[in-house]
Amino acid sequence: MRTSKMKATIALLAVGGLALAGCASGSRDTDGGGAETELLTTTEPAVGDAGKIVWNSAYGELASLDPIKAFNYPENQVVANLCETLYQVQPDLSVQPHLATSAESADGKTWVLGIRDDVTFWDGSPMTVDDVIFSLNRHLDPDEGSYWASATTANIESIEQTADWEVTVELAEPDAVFTDSLSNMVGVVVQEDYREEAGENYGNPDAGVMCTGPYQVGDWKQGQSITLDRYDGYWNQDRAAKTAQIEIGFVVDSTAISNGLSTGEIQGSYDVPLAALGQLSSSDSGALHYGEGLQIMAIIPTGNGAFADPAVRRAITRATDREAIAETVYEGTASASRSVVPEAAWSQNPEVAQLRDDSLPDLGYDVEAAKHELDAAEADLSAPIKIAYPSERGFYADILNEMARGAQELGVTLEPVGVPSAQFGAFFSDAAAREGYDGFVTTNYLGSSEPLPHLRSLSETDGDQNYSGFSDPAIDAKLAEARAEVDPTRRAELTVEAEALIMEQQPWVPVTDLWVRLYMDASITGAPASFVYLYYPWAADLGTAE
């Protein structure tokens, strides 16, 4: 189960833009006006070493460099450039072997991992099979306190070396998408000796970490920035960092971000704030780029009040003009969600696209259809449905006000309630904090383009993001069947069937799929534009544009 350090369940900054820039492959999506926009996976490749690039982390300062404590935007954006995973998500959202050479399983329970024999840590020592086993076992050790101790790691029964460069992982229950979890922080490999020597200081500014990535830790100025220095002895010289130094700042004020980016004081940033949109869209010093996203904005029910009734949730979804939200609140850089799984998550499974189109229920804006859905409601509709949001983030209020307007057409009162961010964060870890509320907002994301783990997380009876006690035996059974299916095509079909059942019940109410919003100064290029910057070494691709 996830701990209180939830997987960036609160995305406290809205992002957006008006002008498309960059050159790369990507799928097509529609903006709120119906026009098609090319969503990128990469930007123009870098030409050379920029010497030093000043970047910004719009969500602020990281708390730790320890990969098992990297469970939010600030930590992951930094650690992804330092510490590497057994499998690695790529800018096109595929997942490929990395520190592992292969993973084989006949039944989804016994996984045999081939391990590279040519990887070195920053101190020049070789990465060993013992380091791999130690790193995986950290998630199983309660004394380590891994924030990634979830259903995936709880399913591991044993991890053993079974050949010179081979590790065998035995699972309690079949998990045919186990390797996808090895592309996030579950699969990171750290040096065992360094971890043991650092003790309680591990991951802090004094001790740092010892990893294998293209950058190593430079100067961490707490409250200001952290510098990443290129590791010139990097084992994979074909993918060595193109720029010697990346300084990542912790500026969160939208005006300061806007001014910094427009003047070139800050050369790049993901998650550009909405408030910076106007200034940056007309800037001559750089460009906004929009990429394939794996983020979704949704409302999470708490299991209280009328919102606990699936018919009420379906009715409010159909009564809400979510395309208008995508066009106005997100300035055309989002689209109305068809599901709790964003569209881009299915990019690796085009063979089931038609089946998904045919299977998912219609969530389009239709007040008459919403009234028909409400006819099936059994809940008491006299009390207001109270939905909490972080009060400092006014765009959430705009979204909820649009939902309230739609609910009013049904004779239902939906009441947005602003809660201070410091208090709102507890909604994801403390049931007592959610008392008195019927739902709360989230901007959530998938760890890879595989939809199945995300669907399990929010809709299984014991799912780690199931905050309402939602339980449906048919959904549990279908998810378990998909998880055990080793044939990729059949597994995708079963996942679509599960997704369709889930969307009939809406354990989360989906609102919008979000695009990646990336800004880069005209002097630099190369950053991936897709939503991989939490697990992929994005900084290593940065360099000069000329």
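**A walk through the predicted model**

Helices (H or I, at least four residues) and strands (E, at least two) are DSSP runs numbered from the N terminus, contact means heavy atoms within 4.5 Å, and axes are lines fitted to C-alpha atoms, for helices over the stretch in contact, with angles running from 0 to 180 degrees between N-to-C directions. This is a predicted model, in which local features need pLDDT of at least 70 and side-chain atom pairs count only at pLDDT 80 or more, whereas totals for chains, interfaces and linings use all residues. Residues are numbered from 1 along each chain as its sequence is written, and side-chain values use heavy atoms, with hydrogens and water left out.

Strand S6 pairs with S7 (residues 110-115) in the antiparallel sense over four bridges, and Ser102 is found opposite Gly114 in S7.

Glu104 lies in S6 (residues 100-104). Is Glu104 buried or exposed? With a relative accessibility of 56%, Glu104 counts as exposed, where buried means under 20% relative accessible area, exposed over 50%, and partly exposed in between (1.4 Å probe, protein chains only). Leaving aside residues up to four places away in sequence, Glu104 touches Thr110, Trp111 and Val112. Glu104 and Thr168 are 64 residues apart in sequence, while their C-alpha atoms are 9.5 Å apart in space.

Another part of the structure can be followed from strand S19 (residues 509-521), where 13 of the 13 residues are buried, so this strand is largely enclosed by the rest of the structure. Strand S14 (residues 286-301) pairs with S19 in the antiparallel sense over 11 bridges; Ile299 stands opposite Val509 of S19, and Gln295 stands opposite Leu514 of S19. S14 is itself mostly covered, with 15 of its 16 residues buried, and it also pairs with strand S18 (residues 439-445) in the antiparallel sense over seven bridges, where Ile296 has Asn444 of S18 as its bridge partner. Strand S13 (residues 268-270) is antiparallel to S19 as well, over three bridges, and Gly268 has Met520 of S19 as its bridge partner. Strand S15 (residues 334-336) is joined to S19 by three bridges, and these two strands run antiparallel, with Leu514 of S19 as the bridge partner of Ala334.

Two residues deserve a look for their backbone angles. Most residues other than glycine have a negative phi. Asp271, in the loop between S13 and helix H7 (277-281), has a positive phi of about 55° although it is not a glycine, and Asp271 is buried, with a relative accessible area of 3%. Leu93, in the loop between S4 and strand S5 (95-97), has a phi near 75°, again a positive value in a residue other than glycine, and Leu93 counts as buried at 2% relative accessibility.

The structure holds one disulfide, a term for a pair of cysteine sulfur atoms within 2.5 Å. Cys83 and Cys211 form this link, with their sulfur atoms 2.1 Å apart. Cys83 lies in the loop between helix H1 (73-79) and strand S4 (87-89), and Cys211 in the loop between helix H5 (192-198) and strand S10 (215-221), so the pair ties together parts that are 128 residues apart in sequence. The link is right-handed, with 75° about the S-S bond, and both Cys83 and Cys211 are buried.

Finally, the axes of helices H8 (residues 310-319) and H11 (residues 367-374) come within 8 Å and cross at roughly 175°. That makes H8 roughly antiparallel to H11, since angles under 35 degrees count as roughly parallel, over 145 as roughly antiparallel, 65 to 115 as roughly perpendicular and the rest as oblique. Among the residues that make the contact are Ala311 and Arg314 of H8, and Ala370 and Glu373 of H11.

Terms used: Pairing = 2+ DSSP bridges.
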